[in-house]
Amino acid sequence: MKIDSSEISALIKQQIKDFDAKIESDDVGTVITIGDGVALVYGLDKAMLGELVVFPHDIYGMVMNLEEENVGVVLLGSDSEIKEGDVVRRTKSVVEVPTGDAMLGRVVNALGQPLDGLGDIKTTSTRPVEVIAPGVMYRKSVDTPLQTGIKAIDAMIPIGRGQRELIIGDRQTGKTAIAIDTIINQKGKGVYCVYVAIGQKNSTVASIADKLKKAGAMDYTVIVSATASELAPLLYIAPYSGMAIAEEWLHKGKDCLIVFDDLSKHAVSYRTLSLLLKRPSGREAYPGDVFYLHSRLLERACKLSDEYGGGSITALPIIETQAGDISAYIPTNVISITDGQIFLVSDLFNAGQRPAIDSGLSVSRVGSAAQIKAMKQVASSLKIELANYNELLAFSQFGSDLDKETKDVLNHGKILMEVLKQNQYDTYPVDRQIIELFAAKNRYLEEFDIALIKPTLTKLYEHIVSSHHDIIDEINDKKILSDELIKKMNDVISSFIQTIK
């Protein structure tokens with residue numbers, strides 16, 4: 001029998017072609033180098049960006065670099081037990097977090113795992129941490145106020161549901177206080193809240209959770225905590241996880257508020273990862289896509305149109321500046337992404353003006369679209385009056401002999417600054433804000449000593465609540481000050497002021 005070599009080679013080629021490997025090399029890889037929480041892996045040819053991969057000892061990693069020869073993976077756990085040559089396997093799924101109403105009242109880490117010792121979170125729904133933001137056709141313009149309960153903000157820098165309003169200032173100027181007060185003020189208003197702590201101390205997060213619990217706000221709030229002691233990858237994905245939790249309610253037609261405290265530390269964690277992954281660095285050693293880092297996060301905050309459920313996510317990102325420098329790299333990036341900023345100043349804070357808001361540099365690009373008509377009526381001239389006061393205050397320091405008109409502007413400005421003072425955790429309903437601003441606008445407080453203004457306004461509100469509750473009912477129901485209501489308010493306030501005097 002004669003054996004034909006060409007037949008044998010054709011047979012072998014056919015068998016090789018038909019051979020179906022049980023484990024494809026596309027799905028496994030080998031660790032080449034490991035260190036500083038970053039692994040370079042050979043293999044994983046079909047890995048996706050952002051995919052979860054599994055290392056030995058059930059340690060997870062996230063794919064962040066896709067290169068020709070290897071894959072860069074950041075670890076979501078300790079790298080102490082992983083060594084070169086270890087096998088890495090694909091999970092074929094991207095990073096996801098648990099979502100749903102079961103998350104309310106809980107403190108979780110960046111992966112949605114509980115940190116509060118209250119047991120497992122019983123929820124079946126999950127969402128990927130990275131999704132594309134809703135397009136323009138799915139959105140509608142912002143038209144509903146999100147009341148913060150802080151007079152200075154609701155009057156001058158109104159925030160609407162679906163807006164992105166930046167809170168910016170140096171450290172220790174009351175940025176977190178504004179965010180926490182806003183969360184507390186959502187009680188009973190049907191707004192779900194997510195507070196994302198990035199790079200904070202464990203004790204700070206525990207203190208915030210305690211304050212929210214005492215105020216009864218944890219019933220509708222989730223805290224996502226990636227503290228300073230945690231790995232850079234967890235700090236990096238924490239805000240995206242918080243946004244994914246909020247999006248579950250957004251797509252069910254609910255209103256959400258999310259606070260990112262703070263995105264400066266988020267940018268630093270991303271810079272750390274990028275440098276460890278040997279990505280080329282740009283300005284201030286940040287990678288070239290640091291703008292995209294925050295824009296793809298904040299673009300997910302929106303107000304959906306009614307045919308898509310009408311839900312909203314309002315974002316309050318916080319940025320810490322150095323010596324008031326808002327022209328630095330990260331602050332200018334986030335200012336250009338957001339719909340306005342609340343700028344807090346150390347000088348005002350140290351002078352006892354709380355909240356220490358600079359009315360000149362603070363702005364809301366949604367503006368009066370996010371205010372009720374009654375608030376517009378009493379607050380329309382507030383910014384101009386404060387601008388006049390600040391301008392004359394600078395000049396009056398050089399001149400001793402001032403005319404009556406200048407003295408009146410300075411005195412009225414001082415009174416307005418006093419009226420806008422508010423203690424932390426003491427939020428005001430919108431009717432109280434309108435009554436106090438109405439009294440100030442119509443100059444009922446001009447003859448009072450500065451120290452008596454706050455107690456006088458408190459007594460005025462208590463008097464109206466007890467004796468003229470119909471005024472409050474009309475403000476809350478009709479949300480506009482009619483001519484009859486203005487006349488009635490003038491009568492009530494002037495007779496009350498005469499009594500006090």
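User: How many residues of strand E5 (residues 71–75) are buried?

Analyst: Strands (E, at least two residues) and helices (H or I, at least four) are DSSP runs numbered from the N terminus, and buried means under 20% relative accessible area with a 1.4 Å probe, protein chains only. Five of the five residues of E5 are buried, so the strand is mostly covered. One note on the source: this is a predicted model, where local features need pLDDT of at least 70, side-chain atom pairs count only at pLDDT 80 or more, and totals for chains, interfaces and linings use all residues. Residues are numbered from 1 along each chain as its sequence is written, and side-chain values use heavy atoms, leaving out hydrogens and water.

User: Which residues of E5 lie on each side?

Analyst: In a regular strand, side chains alternate between the two faces of the sheet. Here Val71, Val73 and Leu75 are on one side, Gly72 and Val74 are on the other, and all are buried.

User: Which strands pair with E5?

Analyst: Two strands pair if DSSP finds at least two bridges between them. Strand E2 (residues 38–43) is antiparallel to E5 over four bridges, with valine 38 opposite valine 74. Strand E4 (residues 59–66) also runs antiparallel to E5, joined by five bridges; leucine 66 stands opposite valine 71. E4 and E5 form a hairpin, with four residues between them.

User: What is the strand order in the open sheet of eight strands?

Analyst: The order is E8-E12-E11-E13-E14-E10-E15-E16, and the pairing is mixed. Strands E8 (107–108) and E16 (363–364) are the edges, each pairing on one side only. Inside this order, E11 (residues 191–198) and E12 (residues 221–226) are parallel over six bridges, and alanine 197 has serine 225 in E12 as its bridge partner.

User: Which strands does helix H5 (residues 232–250) touch?

Analyst: Contact means heavy atoms within 4.5 Å. Angles, from 0 to 180 degrees, are taken between N-to-C directions of axes fitted to C-alpha atoms, for helices over the stretch in contact. H5 packs on the sheet and touches E11, E12, E13 and E14, with its direction at about 175° to that of E11.

Definitions and conventions:
Buried < 20%, exposed > 50% of the residue type's maximum accessible area, 1.4 Å probe, protein only.
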